[in-house]
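Colleague: I would like to learn how to read a few features of a model. Can you take me through them one at a time?

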Amino acid sequence: MSTAEAAATAQARAPGSTIKFSSPRQIPVVGVVTEDEEAQGVFKPVDLNCVIKLLEETGKDDLEEKQLKSVKKMVQCYQNGLPLRDLAQIFKILNLCAGKIKKQPHFIEPACNILKLCGLPFLKKKVSDEITYAEDTANSIALLGDLMIIPSSELRIQICKCIIDFYHAEPPKQHITGYQQASSSYKIKMAEVGGLAKTMVQSLVLFENQLVEKLWVLKTLQHLSASEVNCTLMVKAQAASGICAHLNDPDPSGQLLFRSSEILWNLLEKSSKEEIIQQLSNLECLLALKKVFKNLFTRGLSHYDRQLRNDILVITTIISQNPGAPMIECGFTRDLILFATFNEVKSQNPLVKGLKFSNSYEDFELKKLLFNIIVTFCKDLSTIQLLIDGKVILALFTYVKKPEKHKIVEWSAAQYEELQLHAIATLSSVAPFLIDEYMLYQGNAHVLAFLEWCDSEDSFFSHGNSFHGTGGRGNKFAQMRYSLRLLRAMVYLEHETIHKDLCEKRAIQQLIAYVNAWRGKKDQTAASLLIKLWRKEEKELGVKRDKHGKIVDTKKPLFTSFQEEQKITPLPANCPTIAVMDVAENIRAKIYAVLGKLDFENLPGLSAEDFVTLCIIHRYLDFKIGEIWNEIYEEIKLEKLRPVTTDKKILESIITASENIGKMVASLQSEMIESQACQDVQNEQKVYTKVQATHKQRELANKSWENFLARTSNVKTLKKAKRLQEKGIESSRYSEHPPNAVFHPTDIKGLHTTVPSGGVVTVESTPARLVGGPLADTDITLKKLPIRGGALQRVKAVKTVNEPEKSVPA
């Protein structure tokens with residue numbers, strides 16, 4: 001049977017009522033054992049139906065005592081675990097005992113004892129028992145949730161403990177012969193099939209004023225919410241809203257808030273986020289979250305409180321993504337904006353009076369989370385006024401500046417850098433909605449000044465250890481990137497005031513200067529990249545160019561394949577022609593504008609091919625004007641209009657001038673191509689000459705080596721070389737010696753080589769008689785030499801140099 005089928009058969013059960021379980025046998029067996037049998041680990045058959053029948057009987061005087069005794073005996077027999085085949089009958093007994101508790105309190109203890117047994121691992125006799133008894137097991141475990149309605153605190157707590165034991169299973173106390181332990185996840189799976197999580201959520205309403213029971217149920221739900229299946233069941237039971245609404249219930253232990261937030265986290269991660277957001281988007285839940293967050297923000301001092309505060313803020317951020325959530329109505333939005341900006345913009349609000357951020361990890365994370373929620377707020381137009389009142393733009397701009405040295409701040413250098421990048425990224429999302437505020441606080445001036453610092457040589461060691469700082473370690477690239485994104489976001493609005501202000505502050509000239517400094521892969525310049533994009537664009541548009549990129553049609557140098565296919569038709573004066581529409585439909589005009597600002601005459605890093613293309617780009621505007629006048633001339637012809645003689649001459653002159661420009665550019669391109677070809681030939685010739693010289697040198701070296709080998713291996717060759725050497729020496733000498741000149745012989749007698757030799761110095765050894773022979777004492781320096789003259793000789797007794805003279809008695 002599949003788990004889905006088992007779940008479908010699970011129904012609500014009332015304590016004490018008759019439950020139907022499918023079982024392949026009629027008479028279950030209980031293990032009643034003797035001491036010897038217990039030592040061997042065996043079950044002695046006992047009829048469980050007798051226990052059930054006894055519990056169902058009523059009206060006898062001593063019946064309660066018999067019933068309690070029979071249940072106690074059954075519990076003793078299952079101290080090592082419950083067999084799956086007997087589970088249905090055992091839980092039926094549990095249900096009967098629970099039904100009697102209201103009138104007969106003595107049944108609390110046996111019911112709790114049975115629940116304790118349920119915390120032990122289930123036992124199976126066959127491998128197939130887990131599948132065979134799946135439906136019975138699922139229905140039995142589901143009964144635990146139904147028993148929560150019994151008005152017994154002890155029973156409810158024991159039920160929670162029993163369920164928690166599913167996730168911390170202990171091994172059986174003793175091995176039972178013929179049985180083995182069911183898989184560790186079997187109980188958890190059967191709890192999912194039986195829908196236990198749903199009934200446990202529904203039981204929460206029973207404990208609004210009973211803190212102990214409520215905490216145990218929350219602890220149980222915390223374990224159950226580790227499963228996606230259980231989270232789905234809990235969502236159907238409205239767990240999110242039910243738990244969130246009671247976050248502020250009195251709890252001295254602090255467990256209620258902790259366990260509730262953990263359950264909410266699990267629900268958001270493992271079930272439908274949209275459904276959770278919908279459940280929490282009500283005034284009651286948001287007021288509860290607001291109160292919790294404010295208390296933790298203003299009074300939380302411990303590490304645990306700060307972590308919990310951040311978790312609550314993340315949950316709030318997720319809820320704020322729903323435009324229908326009453327964040328503004330409950331005042332939560334205003335408070336969060338205040339908390340996000342009070343450190344940068346001084347506030348007199350008593351809520352933040354005396355508060356300060358520390359550089360702890362939790363406060364650092366909180367600051368980033370507050371930046372995130374501001375981005376979420378700006379997407380709702382109803383919060384714009386609150387953002388203005390909170391001076392959010394001013395607060396964020398306090399980070400758009402050069403880091404000040406020797407200034408005492410709350411954050412470390414690495415933390416400040418990450419917050420700086422995060423603040424600029426936040427401005428990119430918020431500032432487009434607050435244009436007036438952006439201009440009021442001189443936003444363009446701040447960004448341009450910051451960009452100027454980014455481009456300066458000022459020493460600055462960035463850490464680059466965050467998402468926003470990717471690729472920015474040891475440089476200012478991350479700061480440049482986010483500043484440009486901010487400018488792009490503002491320029492994209494096409495707001496006249498912003499554009500005018502940027503032009504007045506010479507933003508174009510400043511930006512023209514990474515652009516020129518920018519270098520890509522293989523040291524590629526921005527100009528080279530733009531020209532490459534031009535060629536790619538023209539190729540896609542089908543513009544006619546030869547293999548060198550030269551103009552083919554001087555009359556229509558910019559014509560695309562689409563323009564060639566379209567015929568010119570007369571249009572009203574307010575309708576753009578094909579030539580005009582072409583300007584907006586591709587990026588050639590944009591590339592021309594950018595390169596024009598970069599200065600066509602001083603573009604670095606261009607190849608010969610780039611210069612050929614640059615000739616066309618430089619004359620783009622002239623070509624486009626000629627193209628438009630040509631369309632005008634053709635439309636006049638099609639409309640069979642005849643311009644006056646003067647206009648006709650002017651029109652023809654304009655068209656001719658445009659064509660002449662095309663011819664001039666083509667001629668210039670030809671010169672560049674020829675010049676490059678000549679340069680290539682010259683470069684090739686230089687390389688060839690260099691290669692030829694290398695080969696010649698190699699040949700000479702090989703020939704010299706061969707001559708050397710010949711002289712060393714052939715006597716005749718050696719003698720011939722000697723004669724040539726002597727002849728060369730004689731020919732280099734003077735035929736007549738100058739008067740008073742000293743002649744030095746250059747021949748080395750006895751030399752048997754024909755290669756030049758170095759200077760020869762004859763060194764004669766010191767005669768042995770001077771050093772006393774080979775057996776003389778070599779440590780001469782430590783001996784005092786004799787006064788008598790003559791050669792050094794051994795002496796029998798000498799006095800050391802450093803030995804003091806003995807005084808002679810008078």
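Modeller: Start with a single residue. S360 sits in the loop that links α19 (332-341) and α20. Keep in mind that this is a predicted model.

Colleague: Is S360 buried or exposed?

Modeller: Buried means under 20% relative accessible area. S360 has a relative accessible area of 17%, so it counts as buried.

Colleague: Which residues is S360 in contact with, leaving aside its neighbours within four places in sequence?

Modeller: S360 contacts R306 and Q415.

Colleague: Where is T333, and is it buried or exposed?

Modeller: T333 belongs to helix α19. Its relative accessibility is 1%, so T333 is buried. Setting aside neighbours within four places in sequence, T333 touches M327, I328, F377, T383 and L386.

Colleague: What does I93 touch, not counting residues up to four places away in sequence?

Modeller: I93 touches L48, V51, I52, L55, V71, M74 and I114.

Colleague: On to helix pairs. At what angle do α25 and α26 pack?

Modeller: Look at the angle and the distance between axes. Helix α25 (residues 443-455) packs on helix α26 (residues 477-491) at about 155°, and the axes are 10 Å apart. Angles over 145 degrees count as roughly antiparallel. Therefore α25 is roughly antiparallel to α26. The crossing of α25 past α26 is left-handed.

Colleague: Which residues of α25 and α26 meet?

Modeller: From α25 come N444, V447, L448, F450, L451, W453, C454 and D455. They meet Q479, M480, S483, L484, L486 and L487 of α26. By class, this contact of α25 with α26 has 10 nonpolar residues, three polar and one charged.

Colleague: How do the axes of α12 and α15 cross?

Modeller: The axes of helix α12 (residues 211-224) and helix α15 (residues 255-270) cross at roughly 30° and come within 9 Å. Angles under 35 degrees count as roughly parallel. So α12 is roughly parallel to α15. α12 passes α15 in a crossing that is left-handed.

Colleague: Which residues make the contact, and what classes are they?

Modeller: α12 supplies L211, K214, L215, L218, K219, L221 and Q222. α15 supplies Q255, L256, F258, R259, S260, E262, I263 and N266. The contact of α12 with α15 divides into seven nonpolar, four polar and four charged residues.

Colleague: Next, backbone angles. What is the phi of Q442?

Modeller: Phi of Q442 is near 55°, which is positive in a residue other than glycine. Q442 lies in the loop between α24 (435-440) and α25. Its relative accessibility is 42%, so Q442 counts as partly exposed.

Colleague: And what is the phi of K640?

Modeller: K640 is not a glycine, yet its phi is positive, at about 55°. K640 is in the loop between α34 (620-638) and α35 (645-713). At 77% relative accessibility, K640 is exposed.

Colleague: Last, pairs separated in sequence. How far apart are Q76 and L117?

Modeller: Q76 and L117 are 41 residues apart in sequence, and their C-alpha atoms are 9.8 Å apart. Q76 is part of helix α4 (residues 63-77). With a relative accessible area of 52%, Q76 is exposed.

Colleague: How far apart are V229 and K270?

Modeller: In sequence, V229 and K270 are 41 residues apart; C-alpha to C-alpha, they are 8.4 Å apart. V229 is in helix α13 (residues 228-236). V229 is partly exposed, with a relative accessible area of 41%.

Key. Residues are numbered from 1 along each chain as its sequence is written. This is a predicted model: local features need pLDDT of at least 70, side-chain atom pairs count only at pLDDT 80 or more; totals for chains, interfaces and linings use all residues. Side-chain values use heavy atoms; hydrogens and water are left out. Axes are lines fitted to C-alpha atoms, for helices over the stretch in contact, and angles run from 0 to 180 degrees between N-to-C directions. Helices (H or I, at least four residues) and strands (E, at least two) are DSSP runs, numbered from the N terminus. Angles under 35 degrees count as roughly parallel, over 145 as roughly antiparallel, 65 to 115 as roughly perpendicular and the rest as oblique. A crossing is left-handed if the near helix is turned anticlockwise from the far one by less than a right angle, and right-handed if clockwise. Contact means heavy atoms within 4.5 Å. Ala, Val, Leu, Ile, Met, Phe, Trp, Tyr, Cys and Pro count as nonpolar, Asp, Glu, Lys and Arg as charged, and the others, Gly among them, as polar. Buried means under 20% relative accessible area, exposed over 50%, partly exposed in between (1.4 Å probe, protein chains only).
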